[in-house]
Amino acid sequence: MKNRILITALLIISQISYTQTLEETSNWIENNAGAPNSLFSNTIAYNSQTNRLLLYKNYSAPFKFRKVTEIDPKDVSSISLYEANKKSGLRGILLNFKKGGSNTKIYLANNDTRVTKVNKVEEKQMYAFPIMAEGNLDHAKRIKKYYINLFQQLGVTVKDGDTFD
């Protein structure tokens, strides 16, 4: 009888375990994966109507604007680290697309994300998408894990490109 109670208690506890929401993951990335000197920050939004992931690079100086890259999250196969500049130690992560690449849309938008007639939408075939990750190697690895978690929350299995699992 005691074993049944113990097993039932363990099953209940395992069901209550904490999982991070898509919004919490996106917020963490926005707050912790910016550029040196706060020249820009990264924001992520998922458009469930179009099934597109919107990757914003928010520039703060000298003018506030956003560079938006729209990708199909299902096209991402792995996420890996890269060293952007060996002298400065800047690092980043790469969203590696499946063989054949991914059709992306890139455009500029103002802070309320509206595209004006001046800003044309550029469609481009990309094989990887770089994202700057401020901080040391351990911090860049943590950012990579958050991006992997983000894709898992979208139902997309991505591999860690640095471990080849």
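**Exercise 1. Find how many aromatic pairs the whole structure holds, and describe what the search finds.**

Solution. 
Step 1. Set the rule. Rings of Phe, Tyr and Trp (its six-membered ring) pair if their centres lie within 6.5 Å; planes under 30 degrees apart count as stacked, over 60 as edge-to-face and the rest as tilted.
Step 2. Search the whole structure. One aromatic pair turns up.
Step 3. Name the partners. They are Trp28 and Tyr146, with 3.7 Å from centre to centre and 5° between the planes, and the pair is stacked.
Step 4. Trp28 sits in helix H2 (residues 22-32) and Tyr146 in helix H3 (residues 137-153), 118 residues apart, and the pair links distant parts of the chain.
Step 5. Check burial. Buried means under 20% relative accessible area, exposed over 50%, and partly exposed in between (1.4 Å probe, protein chains only). Trp28 and Tyr146 are both buried.

A note on the model and the numbering. This is a predicted model: local features need pLDDT of at least 70, side-chain atom pairs count only at pLDDT 80 or more, and totals for chains, interfaces and linings use all residues. Residues are numbered from 1 along each chain as its sequence is written, and side-chain values use heavy atoms, with hydrogens and water left out.

**Exercise 2. Does the span of H3 agree or disagree with its number of residues?**

Solution. 
Step 1. Take the rule. The expected span of a helix is 1.5 Å times one less than its number of residues.
Step 2. Apply the rule. H3 has 17 residues, so it should span 24 Å.
Step 3. Compare. The end C-alpha atoms of H3 are 24 Å apart, which agrees.
Step 4. List the buried residues of H3. They are Ala140, Ile143, Lys144, Tyr146, Tyr147, Ile148, Leu150 and Phe151.
Step 5. Recall the geometry. An α-helix has 3.6 residues a turn, so residues three or four places apart point the same way.
Step 6. Look past the end. Gly155 follows H3, and its phi is positive, near 85°.

**Exercise 3. Which residues of the largest nonpolar core touch the most other members?**

Solution. 
Step 1. Define the core. A nonpolar core is a set of buried Ala, Val, Leu, Ile, Met, Phe, Trp, Tyr and Cys residues joined through side-chain atoms within 4.5 Å.
Step 2. Pick out the residues. The largest core has 26 residues, and Ile71, Val76, Ile79, Leu95, Tyr147 and Phe151 touch the most other members.
Step 3. Find the suppliers. At least two residues each come from H2, strand S2 (52-59), strand S4 (76-85), strand S5 (90-97), strand S8 (128-133) and H3.
Step 4. Find the main supplier. H3 gives the largest share, seven residues.
Step 5. Look for another core. A second, separate core has five residues, including Leu54, Tyr56, Val68 and Ala109.
Step 6. Zoom in on Ile71. This residue lies in strand S3. Ile71 is buried, with a relative accessible area of 0%.

**Exercise 4. Describe the lining of the largest pocket.**

Solution. 
Step 1. Define the pocket. On a 1 Å grid over the protein atoms alone, a cavity is a set of points where a 1.4 Å probe fits but cannot get out, and a pocket is an open set with protein on both sides within 12 Å along at least five of seven lines; lining residues have an atom within 4 Å of a point.
Step 2. Count the lining. There are 17 residues, and Lys57, Lys67, Thr69, Phe129 and Pro130 lie nearest the centre.
Step 3. Trace the elements. Strand S1 (40-47), S2, strand S3 (65-71), strand S7 (122-126) and S8 give two or more residues to the lining. S8 gives the most, four residues.

**Exercise 5. Is Asn96 buried or partly exposed?**

Solution. 
Step 1. Locate Asn96. It is in strand S5.
Step 2. Apply the cut-off. Asn96 has 17% relative accessibility, so it counts as buried.
Step 3. Compare Arg91, also found in strand S5. At 21% relative accessibility, Arg91 counts as partly exposed.
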